[in-house]
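Me: I have a chain to walk through. Please show it, then take my questions one by one.

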Amino acid sequence: MGQLIIDLIPALRDNYIYALHDAQNRVAAVIDPAEAQPVIDWLYSKNLTLTHVLNTHHHPDHVGGNLSLKSKTGCLIVGAVFDKDRIPGIDLFLEDNDSYDFDGHRATVLFIPGHTRGHIAYWFSQDQALFCGDTLFACGCGRLFEGTPTQMWSSLKRLRSLPGDTHVYCGHEYTEANIRFAETLDPKNPLLIQRRDRVQKLRTAGEPSLPSLLEEEKVTNPFLRCDDLEFATSLGLETKTPEEIFAEIRYRKDYF
């Protein structure tokens with residue numbers, strides 16, 4: 001088993017499709033293919049065979065390429081058992097704490113509802129890589145389309161508990177907008193200011209802001225700090241529970 005190589009394939013307006021392959025072999029898996037053609041082009045450029053599609057949740061901008069890729073390559077489509085009726089072409093059904101093996105690289109499946117009721121993440125612990133769809137974003141989190149604040153806060157805490165050297169691969173390039181919102185809550189955080197400046201340079205150069213490091217998310221992402229008393233006090237929310245604080249700042253972000 002060689003090194004797991006992770007390529008970012010831009011899709012639609014601001015989506016990322018993540019392509020996984022091992023330097024020793026000629027097979028690939030992709031995570032959340034919003035559309036098929038960018039994946040086909042990438043496979044051709046790398047001379048690789050697609051064997052698996054991994055979906056984190058059922059939204060069209062994450063599964064839009066499933067059926068075309070399956071038709072063209074014969075790949076297996078993997079997703080949550082909770083979404084077995086909503087993920088096109090699904091073949092393999094995963095549950096919380098299941099293991100998934102791609103070419104010798106093992107991922108743990110994490111059930112993280114909130115954005116949707118069946119959302120999962122894939123954590124490749126040995127490769128220090130977390131593919132979390134639209135639950136945790138760089139300096140943000142996903143909207144609550146199907147879940148509750150309590151569910152989402154619980155899911156975010158679960159992701160926060162992973163090792164700090166975990167690389168976070170989320171579904172969208174939302175980082176600059178998320179940082180602008182975070183600054184309204186935490187304007188004097190020097191780590192957030194440093195992050196803003198670094199991300200601005202990357203985006204100005206046409207580079208992705210992802211992946212992020214979980215250790216940085218823990219100190220700059222407001223949605224991971226709802227149980228931080230100092231942070232809550234700065235917002236005047238020190239008498240609220242973490243779930244209530246999360247709900248409040250998620251509400252503010254929805255209308256930012």
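**Fold and pockets**

Reply: The chain has nine helices and 14 strands. Helices (H or I, at least four residues) and strands (E, at least two) are DSSP runs, numbered from the N terminus. The radius of gyration, taken over C-alpha atoms, is 18 Å, close to the 18 Å that the globule rule gives for 256 residues, so the chain is as compact as a globular protein of that length. That rule is 2.2 Å times the number of residues to the power 0.38.

This is a predicted model, where local features need pLDDT of at least 70 and side-chain atom pairs count only at pLDDT 80 or more, while totals for chains, interfaces and linings use all residues. Residues are numbered from 1 along each chain as its sequence is written, and side-chain values use heavy atoms, with hydrogens and water left out.

Me: What share of the residues of the chain count as buried?

Reply: Buried means under 20% relative accessible area, exposed over 50%, and partly exposed in between (1.4 Å probe, protein chains only). The chain has 256 residues. The buried share is 51%.

Me: Which residues lie nearest the centre of the largest pocket?

Reply: On a 1 Å grid over the protein atoms alone, a pocket is an open set of points with protein on both sides within 12 Å along at least five of seven lines; a cavity is a set where a 1.4 Å probe fits but cannot get out; lining residues have an atom within 4 Å of a point. Helices α5 (175-185) and α9 (242-254) each supply at least two lining residues of the largest pocket. The lining has 15 residues. Those nearest the centre are Phe137, Cys141, Gly142, Arg143 and Tyr174.

Me: What is the volume of the second largest pocket?

Reply: Grid points are joined across faces, edges and corners, and a volume is the space filled by probe spheres set on the points. The largest pocket holds about 230 Å³. The second largest pocket has about 170 Å³.

Me: Which helix gives the largest share of the lining of the second largest pocket?

Reply: The lining includes Leu185, Lys188, Arg225, Glu230, Phe231 and Ser234. By class it has three nonpolar, one polar and five charged residues. Ala, Val, Leu, Ile, Met, Phe, Trp, Tyr, Cys and Pro count as nonpolar, Asp, Glu, Lys and Arg as charged, and the others, Gly among them, as polar. The largest share, three residues, comes from helix α8 (residues 229-234).

**Cavity**

Me: Which strand gives the most to the lining of the largest cavity?

Reply: The search finds one cavity of 30 Å³ or more. Strands β2 (15-22), β10 (129-133) and β13 (167-170) each give two or more residues to its lining. The lining divides into seven nonpolar, four polar and one charged. The most, three residues, comes from β10.

**Single residues**

Me: Is Glu217 buried or exposed?

Reply: Glu217 lies in helix α7 (residues 214-220). Leaving out residues up to four places away in sequence, it touches Phe137, Ala138, Cys139, Arg195, Ser212 and Leu224. Its relative accessible area is 0%, so Glu217 is buried.

Me: Which residues does Thr116 touch, not counting those up to four places away in sequence?

Reply: Thr116 sits in the loop between β8 (105-111) and β9 (120-124). At 0% relative accessibility, it counts as buried. It touches His57, His58, His59 and Glu146.

Me: Where is Cys139, with its positive phi near 65 degrees?

Reply: Cys139 is a residue other than glycine, yet its phi is positive. Its relative accessible area is 1%, so it is buried. Cys139 is found in the loop between β11 (136-137) and β12 (140-141).

Me: What is the relative accessible area of Leu12?

Reply: Leu12 is not a glycine but has a positive phi of about 50 degrees. It is found in the loop between β1 (4-11) and β2. Leu12 is exposed, with a relative accessible area of 52%.

Me: Which residue does a cis peptide bond join to Leu210?

Reply: Omega of this bond is about 0 degrees.

Methods. Contact = heavy atoms within 4.5 Å.
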